[in-house]
Amino acid sequence: MGLPPVKKIKTGFSTGEEVLNILAQTSELPKIILEYREISKLKSTFIDALISKINPRTKRLHTQFNQTVTSTGRLSSSEPNLQNIPIKTELGRKIRRGFIPEDNFIFASFDYSQIDLRVLAHITKDKALRAAFIEGADIHTATAAEVFGLKKEEITNEMRKRAKGINFGIVYGQQSWGLSQQLGITPEEAQNYINQYFEKYSGVKNWITQTTKTAKETGYVTTLTGRIRYLPEINSPNAQIRAFAERTAINTPIQGTSADIIKIAMININKRCKMQDARCRMLIQVHDDLLFEIKKDEIDKHVPMLKSEMENAMKLDIPVVVDVKIGKNWADMERIKSEK
DNA sequence: AAGTATAGCCAC
DNA sequence: AAACGTGGCTATACTT
Ligand SMILES: Nc1nc2c(ncn2[C@H]2C[C@H](O)[C@@H](COP(=O)(O)OP(=O)(O)OP(=O)(O)O)O2)c(=O)[nH]1
Ligand SMILES: [Mn+2]
Ligand SMILES: [Mn+2]
């Protein structure tokens, strides 16, 4: 079409979102394709498919939470997957807005704040990261401020979300060219940023080195509760396969521990707030987030208990914080104060 | 009419 | 996108 091919894949030229975004700078067509892709994806996956799965008796969607699918200890959700309901774009939020509580109930969501980074601080004992959380810092916002050259007060939700990708990317082994693409900077600048990051969080770097070494010796890694993931490929002679396993060795103890924490919280909460409870129902888990529907006049009775159960499920040597939001639908949720 | 492999994209 | 990680679902092309 006269457009320069950007990157290729096995079968030819890629037309993925990131490629199209680059091409969109020179031509109008990629923009239209991207627009079509978004609408098409949302309609097929989240409108048509979800409607067809509504239970006629309960008039609800009933997902399956799979406990033996992931390799890290996370749950997965299927038929339909309710852990990937759109939230990023306005059109996506319109779909999320379709999820509503029963009459006289309200939604309450409890999402762990910066959970993997807190677990990382605990497990690695990194001085700077621990100090940051003890001071009540928000690393995602801080990274956003650094990267965008703004004050923390000027950081929007979207910028913070992008910074999340940067923080997790770097700690889970992203390379300079990957970060350079993500940030739109040169690989040299990206490498500088990564170096600087691990200089600041040298305890994380040391833990990565040590964990990789141990994994190569033992052939497995573990989470804080002792969950094991075997990584036979970590000693592969194939550098690419080996590198994959090395990144997995770093991610699994952290992601898996985050999963352990919320699972313990869910068990403890279930003892106090039964699923069949008429007034306080745990509906969905989204990895570090629990969505409840609660009788409107009993919010104050249940919310502090739920928040506390989640924050104290597993004691870390840094604070564990849960952000609580309340709303009439799953898209328009507003934060409420901590009021302990 | 069923299964398989890709590419692509939604979420955390 | 060749290489932050963990998932599930859809459309499409291609098999059997
Ligand atoms: N490796 C990786 N992990 C991710 C990514 N996005 C989310 N996660 C994991 C790590 C997060 O701590 C965890 C929960 O996701 P959230 O969206 O709730 O982010 P987080 O808790 O870090 O920040 P928050 O304070 O809730 O906004 O899921 C990602 O892009 N890469
Ligand atoms: Mn969170
Ligand atoms: Mn979350």
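Colleague: Which residue in β9 stands opposite Gln285?

Modeller: Leu290 stands opposite Gln285. Keep in mind that this is a predicted model.

Colleague: How many bridges join β8 to β9?

Modeller: Five bridges join them. Strand β9 covers residues 289-295, and β8 and β9 run antiparallel.

Colleague: What order do the strands of the open sheet come in?

Modeller: The order is β8-β9-β5-β10-β11. That makes five strands, with antiparallel pairing.

Colleague: And which are the edge strands?

Modeller: β8 (280-285) and β11 (333-335) are the edges. Each of them pairs on one side only. Neighbouring strands in this sheet are turned by 30 degrees against each other on average, ignoring direction.

Colleague: What do strands of a sheet pair through, in general?

Modeller: Backbone hydrogen bonds, in either a parallel or an antiparallel arrangement.

Colleague: New topic, the DNA. How many residues surround DNA strand B?

Modeller: There are 19 of them. The closest are Glu17, Lys41, Ile87, Lys88 and Asp288.

Colleague: What part of DNA strand B does the side chain of Asp288 lie 2.7 Å from?

Modeller: A sugar or linking oxygen. The Asp288 atom in that pair is a polar side-chain atom.

Colleague: How does the surface near DNA strand B split by class?

Modeller: Five residues are nonpolar, seven are polar and seven are charged.

Colleague: On to ligand 1. Which residues come nearest?

Modeller: Gln114, His140, Arg160, Lys164 and Asp288, out of 13 residues around ligand 1. Note Asp288 again: it is also among the closest residues to DNA strand B.

Colleague: How far is the Asp288 side chain from ligand 1?

Modeller: A polar side-chain atom of Asp288 lies 2.9 Å from an oxygen atom of ligand 1. The protein buries 71% of the 590 Å² that ligand 1 exposes when taken alone.

Colleague: What about Ile115 and Asp116?

Modeller: Both use backbone atoms. For Ile115, an N or O atom lies 3.2 Å from a ligand oxygen. For Asp116, a polar backbone atom is 3.0 Å from an oxygen of ligand 1.

Colleague: Which element gives the largest share of the shell around ligand 1?

Modeller: α7, with three residues. β5 (105-112), α4 (115-124) and α7 (157-171) each supply at least two. By domain, at least three shell residues come from domain 2 (73-113 + 228-339), and at least three from domain 3 (124-218).

Colleague: How does that shell divide by class?

Modeller: Four nonpolar, three polar and six charged residues.

Colleague: Last one. Is the peptide bond from Glu79 to Pro80 cis or trans?

Modeller: That bond is cis, with omega near 0 degrees. Pro80 is in the loop between β4 (76-78) and α3 (90-96). Glu79 is in the loop between β4 and α3 too. Glu79 has a positive phi of about 50 degrees, although it is not a glycine.

Methods:
Residues numbered from 1 in each chain as written. Chains lettered and ligands numbered in written order. Predicted model: local features only at pLDDT ≥ 70, side-chain atom pairs only at ≥ 80, totals over all residues. Heavy atoms only, no water. Near = heavy atom within 4 Å. Polar contact = N/O pair within 3.5 Å; in protein donor to acceptor, adjacent residues only side chain to side chain. Nonpolar A, V, L, I, M, F, W, Y, C, P; charged D, E, K, R; others polar. Pairing = 2+ DSSP bridges. Helix = DSSP H or I, 4+ residues; strand = E, 2+ residues; numbered from the N terminus. Axes fitted to C-alpha atoms, helices over the stretch in contact; angles between N-to-C directions. Areas by Shrake-Rupley, 256 points an atom, 1.4 Å probe, with all protein chains shown as cover. Domains from an automatic or database assignment.
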